[in-house]
Amino acid sequence: MSSMHNDPHLQAHILVEALPYMQRFHGRTIVIKYGGNAMTETHLQEQFAYDVTLMKQVGMNPVVVHGGGPQIGAMLGRLGVQTHFVDGMRVTDAATMEVVEMVLGGRVNKEIVQAINRAGGRAVGLTGKDGGLLHARPLRRNGVDLGLVGEVARVNPDVIRLLDQGEFIPVVAPIGVGTQGESYNINADLVAGALAATLKAEKLILMTNVAGVLDQDGRLRTHLEAAEVARMVADGHIYGGMLPKIQCCLDAVAAGVHAAHIIDGRVPHALLLEIFTDAGVGTLISD
Ligand SMILES: Nc1ncnc2c1ncn2[C@@H]1O[C@H](COP(=O)(O)OP(=O)(O)O)[C@@H](O)[C@H]1O
Ligand SMILES: CC(=O)N[C@@H](CCC(=O)OP(=O)(O)O)C(=O)O
């Protein structure tokens, strides 16, 4: 870092390289699923907060959707409540839902809001209940009852648009509201995908704990087209937690989002590198 500071030419070069991206993405919405190490390690969290604040400062509209699976797991453990997953989804009974809502909508959401505010941004925390943002219905999986696990039935983006115009950065916890006012626990990747599609976002960026989508030899694929993704899934080279990410990237791109990225949240300033540099980080998925 210090050697970079000592090289004004390099600094100027970096700023100039960022200019076309600032121009291209000015006034555009970029939906970011924030999760993994980037959320739990203090220095990565601080860097993320600076990245989002910088995006907003140069005229983009970042919309943050956060996860928090490990934090929910830790709280359930402290309360002595057993939890288990079916196809990557946490089976959610009423007692679990109470904890999910407290942890995601309370502690985790406010920690992110505070981190962004500390970086000089103006973040506003929401759950899908606020402004009727995320209407949910029960998610059905091969006849297995997942309880209060939901999927997004409808998005009402009015509150996001209002915040964007007001120079605020929305930070959304993945909780939806049902027809009777009940809460649903929704996988955060699904929420990010649905928001990106509804907002006709320029980009959907999913931050995770791997370098991106890897091929059968463990090499990073920097660009994948839909047809190739389908082949990799059929051949079993994409599985587990990567499946819903891939699916929501494909859905978002099919719905008109220009690009969907799966990026390595363990890399310092991963978001900044993805948005403002020619190289980018992770895997770009296009149709
Ligand atoms: N082709 C692939 N490339 C990279 N990761 C893959 C691939 N196929 C399956 N995975 C798995 O998907 C995981 C990422 O999903 P997950 O752990 O659910 O992420 P997150 O917790 O960030 O939502 C990886 O750790 C890896 O085990
Ligand atoms: C239905 C379901 O599984 N919901 C997730 C919601 C949080 C989430 O998605 O967090 P990560 O992105 O950190 O995994 C859960 O209960 O863990």
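**Close-up views of a predicted model**

**View 1. Helix 5 against helix 6.** Two packed helices are described by the angle between their axes and by the distance between those axes. Here the axes of helix 5 and helix 6, the latter running over residues 94-118, come within 10 Å of each other and cross at roughly 125 degrees. Because an angle between 115 and 145 degrees counts as neither roughly perpendicular nor roughly antiparallel, helix 5 and helix 6 are oblique to each other. The crossing in which helix 5 passes helix 6 is right-handed. On the side of helix 5 the contact is formed by Gln71, Ile72, Met75 and Leu76, which meet Thr96, Val99, Val100, Val103, Leu104 and Val108 of helix 6. By class, this contact between helix 5 and helix 6 brings together eight nonpolar residues and two polar ones, with no charged residue taking part.

**View 2. The backbone at Asp87.** Most residues other than glycine have a negative phi. Asp87, although it is not a glycine, has a positive phi of about 50 degrees. The residue sits in the loop that lies between strand 3, residues 85-86, and strand 4. Asp87 has 13 other C-beta atoms within 10 Å and is therefore partly exposed, since a residue counts as exposed at 12 or fewer such atoms and as buried at 20 or more.

**View 3. The backbone at His269.** A positive phi also occurs at His269, a residue other than glycine, where the value is near 55 degrees. His269 is located in the loop between strand 13, which covers residues 259-264, and helix 11, which covers residues 270-276. Because 18 C-beta neighbours lie inside 10 Å of His269, this residue counts as partly exposed.

Definitions and conventions:
Residues numbered from 1 in each chain as written. Chains lettered and ligands numbered in written order. Predicted model: local features only at pLDDT ≥ 70, side-chain atom pairs only at ≥ 80, totals over all residues. Axes fitted to C-alpha atoms, helices over the stretch in contact; angles between N-to-C directions. Helix = DSSP H or I, 4+ residues; strand = E, 2+ residues; numbered from the N terminus. Parallel < 35°, antiparallel > 145°, perpendicular 65-115°, else oblique. Left-handed = near helix turned anticlockwise from the far one by under 90°. Contact = placed C-beta atoms within 7 Å. Nonpolar A, V, L, I, M, F, W, Y, C, P; charged D, E, K, R; others polar.
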